[in-house]
Amino acid sequence: MRDISCDVLVVGGGETGIRAAVEARRCGAEKVILATKGAFGEAGVIFSDITFGWDMQAATGENDPSDSKEVHLEDIMHAAQGTCSRKLASIVVEEAPQRLRDLEELFGLELYKGENQKPRQVYGCFSSKNRSYQFVRPKEIQAKMKESIPRFGVTLMENLMIAELLFDDGRCCGAVGFDEDGGDIRFLSGAVILATGGAAGIYQHNFASPGMCGDGYGLALLGGCTLANMEFLQFGLGLLEPKYRALFLDRLLYLNPRITFEEEHEFPGRLEDMLERHAKHFPFSCIDESCLFDAAVFKETLKYGKGVQVELSAIPLEKLEEIPVWDLYCGWFEKDKNPYENPLRITLFAHACNGGIVINEKAETGVPGLYAAGEAVTGPHGANRLGGNMHAACQVFGTRAGANAASFAKTKGLGNIPSWMLPKGVSESSNLDYEAVKKQAGKLMWENVNVARHEEGLKGALKELERLWRQFKEETPERHMLRKYYETQSTLLTAMSITKAALMRKESRGSHYREDYPDTKVQSFVMKSRYSGGEIKVWETDSYDEE
């Protein structure tokens, strides 16, 4: 085992991890290590080829003087439906404009500009204003962010999976990871920041980056942290054909494409009106009746296995060309699979988590020395999330996590390095096929904890997940399988957290739709979870800030 000391260890190489690491260095941490699970650029949805770039909400009033920070905050609170922290949402609103400027001035990113050469602001899902600034061309974003790492003196360690956190008298003082050759590395760190992203990758069909299986949630749960809002996971329409995992442009629904279901579905009112409401928000939400359309698409995929057919050829081409990103969208497809000339097959894909680790305004997790930010946390988001607000929260709380972790490390110094042993020793042979377990969990989640949930399906999925967990806990892994062992652990812990919270929330709210409880309760509440006694415990609280 190699031992490495540092002031701050940042786990996760997406935009949040980079911002946290840079800020820790700017705030005086001498040695900051940024550990990425894969090669740089493979981690984080921000660098994925399924996006056009970044949309970031910031209320500057630059293009619309009627917009303000107060309006932005009320948009967040309205979307969250009583399940977020007003305090944390207010911090995002207040600091987003400066963090936007930082992306330009510190990292050299260029805002997308309109014909008048002014930065373009667009409508973000669930917003009342055109507030989202755009940074396009993901490859350029990736290059600029990577260049910033050595420039600010951050040490990048790639292909390194952080598997366990280390503690000294209740304080998080480091972690153990495995490099790509399976070698052990023990980090002794003044503070640790979890910036591991979400968990959409545990679903069979997802828009996640490779390896995104809830690592941060697993580490946090086993480290004594609390999670909240885990049932609020966003789903969005995407393609099975002709290009698997390509997003389906939500604004296409405005234009009444030809949609062919295998069965008759009863929708209240006209389907065209429902689709027009849906076009105002990409993620599934029961905030309006468009949720019934997504539920129908999901059920048909579940029954027939081929998604629902959508034909854009029914729309005049000039109408499509008026969509600002139409050229970019067509550029995703091979020439013989042009989306205008070929029927599309759509279904629901897991997209992003609005739930996660509970933090306070300093990005503290409640465990001394352990911080978290980005999609790994909850608080600024709830039942629904504004489009572009995740980027704002990543930048705002990534900055805060870096600054506060640096301050903690400087004040407390390094802890005593704890001893560490491989889980249950190491076996010469393993009886468990980890990939098969993750695949089985992904199928259970997609089929039962999707956009249309009900008691029977949730209970059945939970029963099977808990069986898999008991089987996993009896496992003694082989050394060369340790990465897969820990990924399976995080997958199962995260899946059980989501499913238990969804089962206990007997109402429909935002991205959580219960067919057996379709109404929203008047009194809002928040579901929290913790790992205790070998299982996930879930309970209900009146608000995010209350235990």
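Me: How are the terms buried, exposed and partly exposed defined?
Reply: Buried means under 20% relative accessible area and exposed means over 50%, with partly exposed in between, using a 1.4 Å probe and protein chains only. This is a predicted model, in which local features need pLDDT of at least 70 and side-chain atom pairs count only at pLDDT 80 or more, while totals for chains, interfaces and linings use all residues. Residues are numbered from 1 along each chain as its sequence is written, and side-chain values use heavy atoms, with hydrogens and water left out.

Me: Is Arg245 buried, exposed or partly exposed?
Reply: Arg245 is located in the loop between E11 and E12. Its phi is positive, about 75 degrees, although the residue is not a glycine. Because its relative accessibility is 22%, Arg245 counts as partly exposed.

Me: Is Gln117 buried or exposed?
Reply: Gln117 belongs to the loop between helix H3 (86-105) and strand E4 (121-123). Its phi is near 65 degrees, a positive value in a residue other than glycine. With a relative accessible area of 56%, Gln117 is therefore exposed.

Me: Is Gln142 buried or exposed?
Reply: Gln142 lies in helix H4, which covers residues 138-151; helices (H or I, at least four residues) and strands (E, at least two) are DSSP runs, numbered from the N terminus. Its C-alpha atom is separated by 44 Å from that of His265, 123 residues apart along the chain. Since the relative accessible area of Gln142 is 17%, this residue is buried.

Me: With which residues is Gly388 in contact, leaving aside neighbours within four places in sequence?
Reply: Gly388 sits in the loop between strand E17 (377-378) and helix H10 (389-412). It counts as buried because its relative accessibility is 11%. Contact means heavy atoms within 4.5 Å, and the residues that Gly388 contacts are Asp55, Met56, Gln57 and Ser132.

Me: What is the radius of gyration of the protein?
Reply: The radius of gyration is taken over C-alpha atoms, and the globule rule is 2.2 Å times the number of residues to the power 0.38. The C-alpha atoms fill a box of roughly 65 × 55 × 50 Å along the principal axes. For 547 residues, a compact globule would have a radius of gyration near 24 Å, which agrees with the protein's value of 22 Å.

Me: What percentage of contacts with a separation of 6 or more comes from residues 24 or more positions apart?
Reply: The secondary structure comes to 13 helices and 19 strands. Buried residues make up 61% of the 547 residues. Among contacts with a separation of 6 or more, the share from residues 24 or more positions apart is 75%.
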